[in-house]
Every structure is written in C-alpha cells, then in structure tokens.
Amino acid sequence: MSKDRRKYFDQLAATSRKYYVPWLSSYMRICGDINVLEIGCGEGGNLLSFAQAGCRVLGVDMAEGKIQAAERFFAEEGAEGRFMASDIFAVKALEGQFDLIICHDVIEHIQDKEEFMRRVRLYLRPGGLAFFAFPAWQMPFGGHQQNCRNKVLSHLPYFHLLPKSVYKWILNRGGESPEAVRELLEIKQTATSIELFERIIREGGFRKVDRRLWLINPHYEAKFGLRPRRLLRLPASIPWLRNFYTTSCFYLLQ
C-alpha cells in the first residue's frame with residue numbers, strides 16, 4: 001500500500017508540474033509570495049511543485065492515513081508543506097488567507113455543493129483563484145468504477161449510468177465490499193455534470209476565468225502513457241452530449 005501511495009504521489013506531482021503549474025502561471029505568479037490550499041489533497045502530490053516553487057502550501061484531507069503519507073513524502077522530497085486531517089467544513093480560521101485553492105477530483109464527492117463553494121469563496125483572498133478539476137459524470141468512468149477490485153467491473157465503462165438498483169446489484173454480484181459499494185453509490189448520488197457545475201458557479205457568484213474540457217485527461221499521461229487531448233470545439237459546445245466524452249473538466253474561477 002505504501003508503494004502504491006508513493007506511485008500515485010509521483011504521478012500527481014508529474015502532472016501538476018507539467019500541466020497545472022504552467023497553465024496557472026498564465027494567470028498568476030507561482031512563487032513564494034502566495035498561499036495555496038488544496039482541499040482533498042490526498043497524499044499531496046498536486047502540491048509538491050507549488051511547494052518547490054516556494055509557495056506556502058496547506059493540504060486538507062479527511063483520510064488521516066493519506067495525510068500521514070503526504071507528510072512523509074514531502075519530507076522525503078525535502079519540501080515544506082502543512083497538512084491537516086479534517087473535514088474542510090470543520091476547519092476554522094482560514095477565511096481570506098489563500099491566493100489559490102485547488103480542488104482536484106473533489107467536487108463530485110460533495111453532497112452540499114453550494115455550501116462547499118461558499119466556503120471556497122470565504123477562504124480566497126480578494127482576487128484569488130480557484131482551480132477545479134473533475135470528471136464529467138457521464139464520461140466512461142465518471143462513477144469511479146475503475147477503483148473496483150473486480151477486474152471486469154474496473155474496466156467496464158458507462159455501467160455507472162444504469163439505474164441505482166441495477167448498479168448496486170452488479171457491484172454486489174461482482175464481489176465489491178459493502179464499504180466500496182456505499183462509496184460508489186454516494187458518487188452516483190452526488191454526480192457532477194458540466195451543466196450542474198456551471199449552474200453552481202453562476203449561482204455562487206464566481207467568474208469563469210478559463211475552462212478546458214479534456215477528451216484525454218492530462219493525468220492519463222503519467223498514469224497510462226496517453227497523450228492529453230482537449231475536446232474539440234464543436235462537441236465541447238453541445239450541452240449534455242459533451243459529458244459523455246469529457247474525462248476531465250478544468251475550471252479556473254475568481
């Protein structure tokens with residue numbers, strides 16, 4: 001498990017260094033003058049390149065084991081960063097502190113998205129930016145079924161779109177643990193389409209600085225050796241249909 005976590009940390013760090021930092025650098029200076037918060041930071045891989053650029057980074061995640069891994073991996077890299085094992089809704093005294101907030105593969109897990117976005121706005125400094133990345137719900141693996149232990153189910157696209165009762169039956173028959181089934185059903189309940197996210201940011205008072213819809217997620221380069229590709233303009237402009245082809249949605253908000 002430790003080796004798996006280190007591998008995932010390295011993959012995220014490589015993706016962040018090659019794609020996230022250069023993109024964000026078009027809109028802000030990534031340097032020691034800024035405070036960066038990642039909500040749902042996991043093992044901290046996304047934050048490494050920001051810390052190495054001198055930024056002050058804070059990672060928050062509910063999983064204590066992942067936070068311990070993040071602290072260990074940062075120490076191994078000689079990088080400085082603070083990490084906290086907590087529900088972001090329970091964290092106090094962060095208001096107005098951050099120039100950049102990163103939410104990578106998090107919003108699709110959140111039940112109360114409106115309150116979550118309100119918290120993000122609260123934590124940003126005036127003029128600060130928020131970077132969201134998430135898989136469109138209807139994309140081939142939008143249900144995160146790639147995490148299934150059953151090898152057939154982990155490679156089966158789109159079956160998360162089946163009715164809840166059928167989906168649950170397949171997961172149970174496939175031998176998934178009760179905890180795994182519960183987590184996958186929670187993601188189905190909190191499904192995030194492009195249209196839903198666009199509505200939430202409008203209602204939350206955010207300004208959309210940039211949006212990039214990916215046919216092949218940049219993270220797939222480090223993970224699978226696939227070259228990232230953005231969704232072509234025409235399919236990207238067609239509501240709902242675009243969700244079936246968008247493996248990752250990048251939003252930069254202010």
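Author: Let us begin with Glu 43, which is buried because its relative accessible area is 6%; buried means under 20%, exposed over 50%, and partly exposed in between, with a 1.4 Å probe and protein chains only as cover. Before going further, please keep in mind that this is a predicted model, in which local features need pLDDT of at least 70 and side-chain atom pairs count only at pLDDT 80 or more, while totals for chains, interfaces and linings use all residues. Residues are numbered from 1 along each chain as its sequence is written, and side-chain values use heavy atoms, leaving out hydrogens and water.

Glu 43 forms a salt bridge with Arg 5, and their closest N and O atoms are 3.8 Å apart. A salt bridge here is a side-chain nitrogen of Lys or Arg within 4 Å of a carboxyl oxygen of Asp or Glu. The pair links distant parts of the chain, 38 residues apart: Glu 43 sits in the loop between E1 and helix H2 (45-52), and Arg 5 in helix H1 (residues 2-25). Helices (H or I, at least four residues) and strands (E, at least two) are DSSP runs, numbered from the N terminus. Arg 5 has 24% relative accessibility, so this residue counts as partly exposed.

A search of the whole structure finds 13 salt bridges. Another of these joins the side chains of Glu 195 and Arg 242, at 2.9 Å from N to O. Glu 195 belongs to helix H8 and Arg 242 to the loop between helix H10 (233-236) and E8, so the pair ties together parts 47 residues apart in sequence. Both Glu 195 and Arg 242 are buried.

Helix H8 also holds Glu 198, whose partner Lys 208 lies in strand E6, ten residues apart. The closest N and O atoms of Glu 198 and Lys 208 are 3.0 Å apart. Glu 198 is buried, with a relative accessible area of 10%, whereas Lys 208, at 38%, counts as partly exposed. Salt bridges that share partners also join Arg 6, Asp 10, Glu 76 and Glu 77 into one network.

The buried residues of helix H4 (residues 113-123) are Lys 113, Phe 116, Met 117, Arg 119, Val 120 and Tyr 123. Seen down the axis of H4, these fall within an arc of 155°, so they line one face of the helix; the arc is that of the directions from the helix axis to the C-beta atoms. Their cover includes helix H8 (194-203) and strand E8 (248-253).

How values were computed. Contact = heavy atoms within 4.5 Å.
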